Amino acid sequence: QNTGFLSDFVLAFEGLFSRIFYLGPLREYPKPSYIWGGERPSDVGRRGEGAVSALLAARAEGLKSPRLVKERRFHKPIEERILEWLQEMELIHSFSLQPIAENRKYYEFRVKKSKTSSEVLITDIGFGVSQILPVLVLCYYVPEHSIILLEQPEIHLHPKVQADLADVFIDVVKERNVQIILESHSEHLLRRLQRRIAEEHIPAEMTALYFCSMEDGA
């Protein structure tokens, strides 16, 4: 009796969890080459192992990220948006993602640290790029209105980059209507978020901060 709502409840429950995407705190080490056979991953994987595949899938499908500029909306390819953030964070000048040979499934992720530097494999530069790449890809790859769960996205990142992550998340929340739930130990990230709230880049009502501590063993 009175259980007619259960089928609707199950559908709503499944719908909610189909919109949740998770990235763990320990991302995979960069690789000299990546395999992509044309599939479209649902996300970047728990350790970010699918970030390059997601980028290639987005390129193949022509996926773009909406961006509001001068009160008119246009779209940028996801790769371009990610490069803009990597440049803003002063991590790299440019990157390329190309097959190692024609009609091959192996791809190389090559990076230039500065305009005049040589292009090298992602394995030959600092660890930070490979650690933040899955975070950026996930944020701009998942469908709008998704829920993203992140554990310590700041691991292995320079303090400036940790702070810049707050700007990334604000951009994603406002641009893509994505909810981000993150667990962090970074004061740099927190202070930047607080500053942006004070500067009214994001309304305080769109944010919530929870501080956890141990009391009496609980």
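## Around strand S6

Let's start at one residue pair: Ile35 stands opposite Tyr106 in strand S6. Helices here are DSSP runs of H or I with at least four residues, strands are DSSP runs of E with at least two, and both are numbered from the N terminus. This is a predicted model, in which local features need pLDDT of at least 70 and side-chain atom pairs count only at pLDDT 80 or more, while totals for chains, interfaces and linings use all residues. Residues are numbered from 1 along each chain as its sequence is written, and side-chain values use heavy atoms, with hydrogens and water left out.

Strand S2 (residues 34-35) runs antiparallel to S6 and is joined to it by two bridges; two strands pair if DSSP finds at least two bridges between them. Strand S5 (residues 94-99) is also antiparallel to S6, with six bridges joining them. Within that pairing, Ser96 has Arg110 as its bridge partner in S6. S5 and S6 form a hairpin with six residues between them, and Asn103 in the turn has a positive phi of about 60 degrees. Strand S7 (residues 120-121) pairs with S6 in the antiparallel sense over two bridges, and here Leu121 of S7 stands opposite Arg110.

The side chains of S6 (residues 106-112) alternate along the strand. Tyr107, Phe109 and Val111 point to one face and are buried, where buried means under 20% relative accessible area, exposed means over 50%, and partly exposed is in between (1.4 Å probe, protein chains only).

## The parallel sheet

Three strands form an open sheet in the order S1-S8-S9, with parallel pairing. S1 and S9 stand at the edges with a single partner strand each, so one side of each is left without a neighbour in the sheet. On average, neighbouring strands of this sheet are turned by 15 degrees against each other, direction ignored.

Strand S1 (residues 20-23) is joined to strand S8 (residues 147-151) by four bridges, and Phe21 has Ile148 as its bridge partner in S8. On the S9 side, S8 pairs with strand S9 (residues 179-183) over five bridges. Ile148 has Ile180 as its bridge partner in S9, and Glu151 stands opposite Glu183 in S9. From S8 the chain crosses through H5 to S9, and this β-α-β crossover is right-handed; in other words, with the strands pointing away from the viewer, the path from the first strand over the helix to the second runs clockwise.

## How the helices pack

Helix H5 spans residues 159-176 and contains Asp171. Asp171 counts as buried because its relative accessibility is 9%. Its side chain makes a polar contact with the side chain of Tyr140 (2.5 Å). A polar contact is a pair of N or O atoms within 3.5 Å; within protein, one must be able to donate a hydrogen and the other to accept it, and residues adjacent in sequence count only if both atoms are side-chain atoms.

H5 and H6 pack at an angle of about 45 degrees, with their axes 7 Å apart. They are therefore oblique to each other, and their crossing is right-handed. The axes of helix H3 (residues 78-88) and helix H4 (residues 127-141) come within 10 Å and cross at roughly 135 degrees. That makes H3 oblique to H4. Angles under 35 degrees count as roughly parallel, over 145 as roughly antiparallel, 65 to 115 as roughly perpendicular and the rest as oblique. Axes are lines fitted to C-alpha atoms, for helices over the stretch in contact, and angles run from 0 to 180 degrees between N-to-C directions. The crossing of H3 and H4 is right-handed. Buried residues in H3 include Ile82, Leu83, Trp85 and Leu86.

## Positive phi values

Most residues other than glycine have a negative phi. His145, which is not a glycine, has a positive phi of about 70 degrees. His145 lies in the loop between H4 and S8 and counts as partly exposed because its relative accessibility is 47%.

Asp216 has a positive phi near 55 degrees and is found in the segment after helix H6 (187-198). With a relative accessible area of 85%, Asp216 is exposed. Glu90, which follows H3, also has a positive phi, near 60 degrees.

How values were computed: Left-handed = near helix turned anticlockwise from the far one by under 90°.
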